[in-house]
Amino acid sequence: MEINLQTKIGAMLEAYPGLEAVLLHISPHFAKLKNPVLRRTVAKVATLQQAAQMAGIEPGVMVQMMRNAAGLSEIASETTDGQEIATSRPSWLDESNIAVRYDANPVIDSGGSPMQEIIKLANTLKDNEIMELTTSFKPAPIIDLLQSKGFESWHHEGKTYFIKFKAVKI
């Protein structure tokens, strides 16, 4: 099996079970992989690139660490998908437009996966409404999923904000 930025965590751990210990050593965020529900759900869709974002690690470094631990040769370089991540507060983030606040930590801590609830709540947003999601890590897979559905997002200090913009007809 090839290990690169797009490798799914679940598939990688099936092919190389010993890499779970490496992930746990890299970041305490990966301890959640011991949760069987999250292992069956999030790990199946989360890529190494997303996992690196969650852990605050340079994605290329993470790929190299996994490849080295798996006994694979190093790769010269690899680029990300080019998605720019906003580091400063976006102009659309007006707290008076927060319609939904959801803390996913209790669900995650109890062994569940909040993904379906987050999607359901995001789909209830009206144009220009914002959902505030609280997590103990950057939820890269759900960010990518909702962005693919047209939502904008911004993550800062354990909170991820999603906005549904009004579709503009051209």
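Begin by selecting Q49, which has its place in helix α5, a helix covering residues 48–55. The model on display is a predicted one.

The side chains of Q6 and Q49 are joined by a polar contact of 3.2 Å.

Now zoom out to the whole chain. The chain holds nine helices and four strands. Followed from the N terminus, its elements are arranged as α-α-α-α-α-α-β-α-α-β-α-β-β. Of the 170 residues in the chain, 43% are buried. Among contacts with a separation of 6 or more, 67% are between residues 24 or more positions apart.

For the last stop, select residues 115–123, which form helix α8, together with residues 140–148, which form helix α9. The two axes come within 11 Å of each other and cross at roughly 35 degrees. The crossing of α8 past α9 is right-handed. Which residues make the contact? On α8, display M115, I118, I119 and A122; on α9, display P141, I142, L145 and L146. Sorted by class, this contact of α8 with α9 comprises eight nonpolar residues, with no polar and no charged ones.

Note on methods:
Residues are numbered from 1 along each chain as its sequence is written. This is a predicted model: local features need pLDDT of at least 70, side-chain atom pairs count only at pLDDT 80 or more; totals for chains, interfaces and linings use all residues. Side-chain values use heavy atoms; hydrogens and water are left out. Helices (H or I, at least four residues) and strands (E, at least two) are DSSP runs, numbered from the N terminus. A polar contact is a pair of N or O atoms within 3.5 Å; within protein, one must be able to donate a hydrogen and the other to accept it, and residues adjacent in sequence count only if both atoms are side-chain atoms. Buried means under 20% relative accessible area, exposed over 50%, partly exposed in between (1.4 Å probe, protein chains only). Contact means heavy atoms within 4.5 Å. Axes are lines fitted to C-alpha atoms, for helices over the stretch in contact, and angles run from 0 to 180 degrees between N-to-C directions. A crossing is left-handed if the near helix is turned anticlockwise from the far one by less than a right angle, and right-handed if clockwise. Ala, Val, Leu, Ile, Met, Phe, Trp, Tyr, Cys and Pro count as nonpolar, Asp, Glu, Lys and Arg as charged, and the others, Gly among them, as polar.
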